[in-house]
Amino acid sequence: MIQLDTTTSNHLLTIDRKLDSGLHGEISIPGDKSISHRALMLGALASGTTTIRGLLLGEDPRSTAKCFQAMGAEISELNSDLVTVQGIGLGNLQEPLDILDAGNSGTTLRLMLGVLASHEQRFFAVTGDKSLRSRPMLRVVKPLREMGAEIWGREQGGKAPLAISGRNLQPIHYQSPIASAQVKSCILLAGLMIDGETIVAEPERSRDHSERMLSAFGAKIKVDGNTVYLQGRSQLQGQEVTVPGDISSAAYWLVAGAIVPDSDLLILNVGINPTRTGILEVLLEMGADITLENPREVTGEPVADLRVRSSQLKACAIGGAIIPRLIDEIPILAVAASLAEGTTVIRDAAELRVKESDRITVTAKCLNQMGANITELPDGMEIRGGCSLSGAEVDSCDDHRIAMSMAIAALVAKGKTIISHAECAAISYPSFIPTLQKLF
Ligand code: S3P
């Protein structure tokens, strides 16, 4: 039985599954969230029309679209497979009449800050929901201030709401202390509007969708190891973008197919950009039976269909350079590790504490309520595997990745699991619950 109670604003998802049958079928996943944000933003900043196929029609890209619409970009309604953006050209965003609201989306807020800070003689105020207002912004505010940006906010500009007075910025060579695509992309977007070369280096390579898409739109950009070089003031030209499916959304089905006995799932059109495939490498190391079919390239991004069949998983050690390549998949990996043989240790993932929720605490709490054996570490988790999960009432803390990970855990749990605030899945995966219902 799977049931969604929508009678109150807290949508309760109840899952109670007979454990004697596998999951079978083909699954189409929604467009990549990171690429969707970037396609909307670059489309708005470019000259001419950008067409976007396969855009994620989730809450986060909707926040990006609304913010850029409020600054003059014409973006068609986000309700079909084809979205068009009439760009207004670099440096031409209008001063918005009201506060820009990034909702739950860190990517919207952090990337947009780079764009706003470099729009001279315009004033912007930005905010977000309760979760986003608690997330750290100094990681982007600090380098932007080094470029000459004027930004004010709570905690010395460390927390939204923030106010920005656009300035003529100077390029910098920024050595980021953290591997973060949001930090890197924010600085690159600021660098677009100014003379000279902006350089961003990071300790490990984070996702490179900005670099790929900036290059496709005509920016002069070069990548050397973990360092990106961007020449300012190159004009961007609108493009035809096709967004591949989001590997972070595919991850739920990869784990579901691996842990539910007798399963065989084919997940179609999954983006397999090497800066995102840490989840595949770890699951394969854990003994998952995953094969890549029909590899191809779509608008500069590698794509394949992924087949997963159930298998007995074993524990592994996860840490170091792979972490930025699977950072959003750690809650669902914790589900896999709870069922694997042996103890999985995840380290170097302190970033999880400042995501939409503290994903170390919330993942450990929810899975332990279901019978897992997870100890929190300051920068990760120790997960003793081989657990039999049982249904429980768990609080997603309004975090989309936690809600969906617990729904997958519920597929192998004995008895009824009730997940609170399941509506938050729509942040990154609006069709998650209907897809789950189809597999029952
Ligand atoms: C994202 C980068 C990652 C990721 C987030 C999306 C992006 O965040 O966790 O979901 O689109 O640039 P960080 O850059 O903060 O690691």
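# Pockets, cavities and strands of a predicted model

Ile-267 has a relative accessibility of 0% and therefore counts as buried, a label used for residues under 20% relative accessible area, with exposed meaning over 50% and partly exposed in between (1.4 Å probe, protein chains only). The model is predicted, so local features need pLDDT of at least 70 and side-chain atom pairs count only at pLDDT 80 or more, while totals for chains, interfaces and linings use all residues. Residues are numbered from 1 along each chain as its sequence is written, and side-chain values use heavy atoms, with hydrogens and water left out.

## Around Ile-267

Ile-267 belongs to strand S16 (residues 264-271). Helices (H or I, at least four residues) and strands (E, at least two) are DSSP runs, numbered from the N terminus. Leaving aside residues up to four places away in sequence, Ile-267 touches Ile-27, Ile-29, Ala-250, Trp-253, Leu-254, Ala-304, Asp-305, Leu-306 and Val-308. A contact here means heavy atoms within 4.5 Å. Ala-364 is 97 residues from Ile-267 in sequence, and the two lie 28 Å apart in space, C-alpha to C-alpha.

## Open pockets

Pockets and cavities are found on a 1 Å grid over the protein atoms alone: a cavity is a set of points where a 1.4 Å probe fits but cannot get out, and a pocket is an open set with protein on both sides within 12 Å along at least five of seven lines; lining residues have an atom within 4 Å of a point. Grid points are joined across faces, edges and corners, and a volume is the space filled by probe spheres set on the points.

The largest pocket has a volume of about 590 Å³. It is lined by 38 residues, and the closest to its centre are Ala-179, Ser-180, Ile-327, Glu-351 and Lys-355. Helix H1 (33-45), helix H3 (106-117) and helix H7 (181-192) are the elements that give two or more residues to this lining. Domain 1 (2-30 + 244-438) and domain 2 (33-242) both contribute to the lining, so the largest pocket lies between them. The domain bounds come from an automatic or database domain assignment.

The second largest pocket, with a volume of about 450 Å³, has 24 lining residues, of which Asn-104, Asp-129, Lys-130, Ser-131 and Asp-398 lie nearest its centre. Helix H2 (59-69) and helix H4 (130-133) each supply at least two residues of the lining, and H2 gives the most, with five residues. The second largest pocket also lies between domain 1 and domain 2, because both give residues to its lining.

## Enclosed cavities

There are two cavities of 30 Å³ or more. The largest cavity holds about 60 Å³ of space. Its lining consists of Arg-38, Met-41, Leu-42, Leu-111, Ser-185, Leu-188, Leu-189, Ser-210 and Leu-214. Elements that give two or more residues to this lining are H1, H7 and helix H8 (209-216).

The second largest cavity holds about 40 Å³ of space. Among the residues that line it are Asp-32, Ile-35, His-209, Pro-244, Arg-276 and Glu-301.

The table gives the linings by class. Ala, Val, Leu, Ile, Met, Phe, Trp, Tyr, Cys and Pro count as nonpolar, Asp, Glu, Lys and Arg as charged, and the others, Gly among them, as polar.

| Lining | Residues by class |
|---|---|
| Largest pocket | 12 nonpolar, 10 polar, 16 charged residues |
| Second largest pocket | six nonpolar, six polar, 12 charged residues |
| Largest cavity | six nonpolar, two polar, one charged residues |
| Second largest cavity | five nonpolar, three polar, three charged residues |

## Strand pairing

Two strands pair if DSSP finds at least two bridges between them. Strand S4 (residues 49-53) runs antiparallel to strand S6 (residues 82-86), and five bridges join them. S4 also pairs with strand S15 (residues 240-242), in the parallel sense over three bridges. Thr-51 stands opposite Thr-84 in S6 and opposite Glu-240 in S15.

In a regular strand the side chains alternate between the two faces of the sheet. In S4, Thr-50 and Ile-52 make up the covered face, whereas Thr-49, Thr-51 and Arg-53 make up the uncovered one.

A separate description covers an open sheet of four strands, ordered S19-S20-S22-S21 with mixed pairing. Strand S19 (317-318) and strand S21 (373-377) are its edge strands, each pairing on one side only. S19 pairs with strand S20 (residues 343-346) in the parallel sense over two bridges, and Val-345 in S20 is the bridge partner of Ala-317.
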